Amino acid sequence: MTGTTTPVRDRTPAPGPAAAAARRLTALGRAELILLVRNRTAIVVALLLPLVMIFAMRSSLDQLDLGGTGLTVAGATLTGGIGMVLVQVVYMNLVSAYVARREELVLKRLRTGEISDREILLGTALPSVALALAQCVVLVVAGAIAFDLSAPHRPDLLVAGLLLGFVLMSALAAATAVLTRTVQSSQLTTLPLFFVSLFGSGIFVPLAVFPDRLASVLELLPMTGVMTLVRHGWLGGVAGGELVTAGVTGLAWTAFGVFAVRRWFRWDPRG
């Protein structure tokens with residue numbers, strides 16, 4: 001009597017939605033990283049320009065009277081350097097990336113697959129965020145080793161400030177891409193937020209140097225809340241009310257950026 005062979009069923013469970021989403025994000029992030037490495041201009045902007053700006057910032061701070069602010073030149077320079085990395089490596093680099101992928105029809109093709117719109121935007125941002133995080137870690141380590149700064153007084157605040165900065169700059173980058181027709185024009189459309197953040201949010205010049213009335217207005221700028229959390233998370237010395245204001249301001253701008261992206265982001269080429 002001839003026996004029949006029962007086929008063995010594959011009992012490996014199918015990946016859940018979260019695992020599938022993580023796999024798609026990883027694949028997209030890896031592809032974006034390859035494109036970033038191949039783009040020499042983007043690499044120069046991401047790696048060398050923040051370093052040059054930090055040296056310029058130190059020279060500028062040497063000319064300021066920081067007495068009464070509770071800040072040293074080294075502390076103000078390195079915390080400002082973190083803000084510089086967030087603006088240049090995340091915001092400015094991502095605007096170019098979003099516009100380039102849109103004009104090359106990459107975003108449109110990605111939308112025909114399983115990946116969601118949110119995953120497309122997040123996956124595109126992953127390499128820039130990872131590079132910025134690495135640079136921020138280097139700045140903190142350099143502060144402790146080369147500039148004799150203490151370890152962060154409130155690591156939780158520092159981490160919260162960095163996370164808020166990553167999300168805020170990514171959202172505003174996608175929102176700015178709405179107004180940007182070409183990769184070349186992104187050098188112009190990113191300048192308003194770049195200069196406003198540089199000189200008004202405490203990156204280049206600490207807010208404590210400004211008159212109180214002007215400083216209270218500058219506290220409402222997009223990057224000011226992030227810089228407050230970063231600076232006082234690392235160096236300490238801030239009141240609870242100021243932290244609440246900084247967090248609320250940063251979250252409000254983040255919500256605005258997310259709303260603008262959901263309402264107006266363009267997936268088709270504008271050229």
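1. The protein chain exposes about 14,500 Å², and carbon and sulfur atoms supply 65% of that area. Please keep in mind that this is a predicted model. Of the 271 residues of the protein chain, 45% count as buried.

2. The fold is built from helices: the protein chain has 12 helices and 0 strands. Read from the N terminus on, the elements run α-α-α-α-α-α-α-α-α-α-α-α. The C-alpha trace spans about 95 × 50 × 35 Å along its principal axes.

3. How much of the contact in the protein chain, at a separation of 6 or more, comes from residues 24 or more positions apart? Such pairs account for 82% of those contacts.

4. On charge, the protein chain carries 22 positive and 15 negative side chains. The centres of the two sets lie 11 Å apart.

5. Helix α9 covers residues 191-200. Its buried residues are L193, F194, S197, L198 and G200. Some of these positions can be read against a general rule: an α-helix has 3.6 residues a turn, so residues three or four places apart point the same way.

6. Just after α9, G202 takes a positive phi of about 85°.

7. S186 sits in helix α8, which consists of residues 186-189. Is S186 buried or exposed? S186 counts as buried because its relative accessibility is 3%, and the cut-off for buried is under 20%. Not counting residues up to four places away in sequence, S186 touches V95, S96 and T180.

8. L126 belongs to helix α6 (residues 117-145). L126 has a relative accessible area of 39%, so this residue is partly exposed: the value falls between the 20% limit for buried and the 50% limit for exposed. Leaving aside neighbours within four places in sequence, L126 is in contact with L25 and G29.

9. A last point concerns distance. L126 and S59 are 67 residues apart in sequence, and in space they are 32 Å apart, C-alpha to C-alpha.

Definitions and conventions. Residues are numbered from 1 along each chain as its sequence is written. This is a predicted model: local features need pLDDT of at least 70, side-chain atom pairs count only at pLDDT 80 or more; totals for chains, interfaces and linings use all residues. Side-chain values use heavy atoms; hydrogens and water are left out. Buried means under 20% relative accessible area, exposed over 50%, partly exposed in between (1.4 Å probe, protein chains only). Helices (H or I, at least four residues) and strands (E, at least two) are DSSP runs, numbered from the N terminus. Contact means heavy atoms within 4.5 Å. Accessible areas come from the Shrake-Rupley method with a 1.4 Å probe; for residues, only the protein chains shown count as cover. Lys and Arg count as positive and Asp and Glu as negative; His and the chain ends are not counted. The place of a charge is taken as NZ of Lys, CZ of Arg, CG of Asp or CD of Glu.
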